[in-house]
Amino acid sequence: MAASAVAEEFERLYGAAPEGVWAAPGRVNLIGEHTDYNDGFVMPLALPHRTLAAVSRRTDGVLRVHSADIPGGIVQLDAAGEFGGPRSAGGWAAYPAGVVWALRAAGHAVTGADLHLTSTVPTGAGLSSSASLEVVTALALDDLFGLGLSATELAVLSQRAENEFVGVPCGVMDQMASACCAEGHALYLDTRDLAQRQVPFDLAAQGLGLLVVDTRVKHELGDGAYAERRAGCEAGARALGVPALRDVAYDGLPAALDRLAALGESATVRAYTRHVVTENARVERVIGLLDAGDVRAVGPVLTEGHASLRDDLRVSCAELDLVVTSATAAGALGARMTGGGFGGSAIVLVEAETADAVAKSVTEAFAAAGYAAPRVFPAIPSRGAHRVTH
Ligand code: ADP
Ligand code: MG
């Protein structure tokens, strides 16, 4: 949807034109999965799918929000309770309200706003519709109230909104990707200190393509399982006497696993540890390959990463496994689940001329297995959050 249409709808809802329209994208993660809560490395890229928000300031402390994508009218949160405080705003409005709460908690004078948004980021598909919603709100308010916050600061405040206000214990990758990614690049991010580097990722120039396969399933298991994986990783780090599993070097992995066994840590904790340490090493390998211009060689590293997520961290599911096996059997260079797991999306690296055939093979494999048809589209590395109108 065009920014002008979002602005017009804002005017229809609130009776005056918005002060501006802002955009923030969804993302896929190329490599570095379940590493962001272990102080590790990630490598997301922003999608062309994005949330557009038309916003105006208010001075009376009130926040009004409306989504074109959710039935039910304007949601109003009033000033009396500082937008209610954590968890008091139910439903989707908790995401923008949480951002206002986080900005105010950080001492920024945000005196209220009217907001209307619409999004092309598929919801609940592991493509970070929630982060795009938070980041677009944060950027609009930063701009309108002249807060002067950096993209990284906006991402961290958005994560805080999701963790403490909405109540989802996510890492910082999604918000950083939505806020900081650059067109034609992947974002190499150290989640410990948020050091970042834009890595050129021009697939088309290499005759390659990256497909996103949204399986359209989300298994219930996901929520509790995420907390359990986090706890298991933290247990591994504690037993090894390091602040986070990121501090276990790849070369030191065999010794670390022996030590965990000697300390009586479970096979589960050892497997989680192995996933995180090998996954961080895979990010480093992918960086080396991209810097060397050897993009094709990234494929097998993706497939290896999938095996680790499936067998060691055990966060895959039958549908995601089927994407990987059917895509690689059809000649893809590599494939893996992306995002938290238990459904959501996978990515597939392909030679550009085989993209359609690979997509067809995956779709046929889903039909043969009796699964609903997946949604397949190209991941074109796109721009992070920005102002659309002036
Ligand atoms: P995702 O992987 O897409 O981020 P989440 O479960 O983290 O999945 O976030 C999805 C939630 O974000 C939705 O349930 C809804 O509350 C909110 N959301 C996402 N997109 C929109 C939208 N366009 N309008 C309103 N709320 C949205
Ligand atoms: Mg999310």
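Me: Before the sheets, what makes two strands count as a pair here?
Reply: Two strands pair if DSSP finds at least two bridges between them. The model is a predicted one.

Me: OK, so what's the strand order in the six-stranded sheet?
Reply: The order is β5-β4-β6-β3-β1-β13. The sheet is open and its pairing is mixed.

Me: Which strands are at the edges of that one?
Reply: β5, residues 75-77, and β13, residues 386-387. Each of these two pairs on one side only.

Me: How many bridges join β1 to β13, and which way do they run?
Reply: Two bridges join β13 to β1, which spans residues 20-29, and the two strands run antiparallel. Within that pair, histidine 386 of β13 stands opposite alanine 23.

Me: What holds strands of a sheet together in general?
Reply: Backbone hydrogen bonds pair them, in either a parallel or an antiparallel way.

Me: And the three-stranded sheet, what's the order there?
Reply: β2-β7-β8, an open sheet with antiparallel pairing.

Me: Why is one side of β2 and of β8 left without a neighbour?
Reply: β2 (41-42) and β8 (196-200) stand at the edges of the sheet and have a single partner strand each, so one side of each has no neighbour in the sheet.

Me: How many bridges between β7 and β8?
Reply: Five, with β7 covering residues 185-190 and the two strands antiparallel. Proline 200 in β8 faces histidine 185.

Me: Switching to the ligand. Where does ligand 1 sit?
Reply: The space it takes is the largest pocket. Sixteen residues, written 16 in the count, surround ligand 1, and the closest are Ser67, Asp69, Gly124, Ser129 and Ser130.

Me: What are the residues of that shell, by type?
Reply: Seven are nonpolar, eight polar and one charged.

Me: How much of ligand 1 does the protein cover?
Reply: 78% of the 570 Å² of accessible area that ligand 1 has on its own.

Key: Residues numbered from 1 in each chain as written. Chains lettered and ligands numbered in written order. Predicted model: local features only at pLDDT ≥ 70, side-chain atom pairs only at ≥ 80, totals over all residues. Heavy atoms only, no water. Near = heavy atom within 4 Å. Areas by Shrake-Rupley, 256 points an atom, 1.4 Å probe, with all protein chains shown as cover. 1 Å grid on protein atoms, 1.4 Å probe; cavity = no way out; pocket = protein on both sides within 12 Å on 5 of 7 lines; lining within 4 Å. Sits in = over half its atoms within 2 Å of the grid points. Nonpolar A, V, L, I, M, F, W, Y, C, P; charged D, E, K, R; others polar. Helix = DSSP H or I, 4+ residues; strand = E, 2+ residues; numbered from the N terminus.
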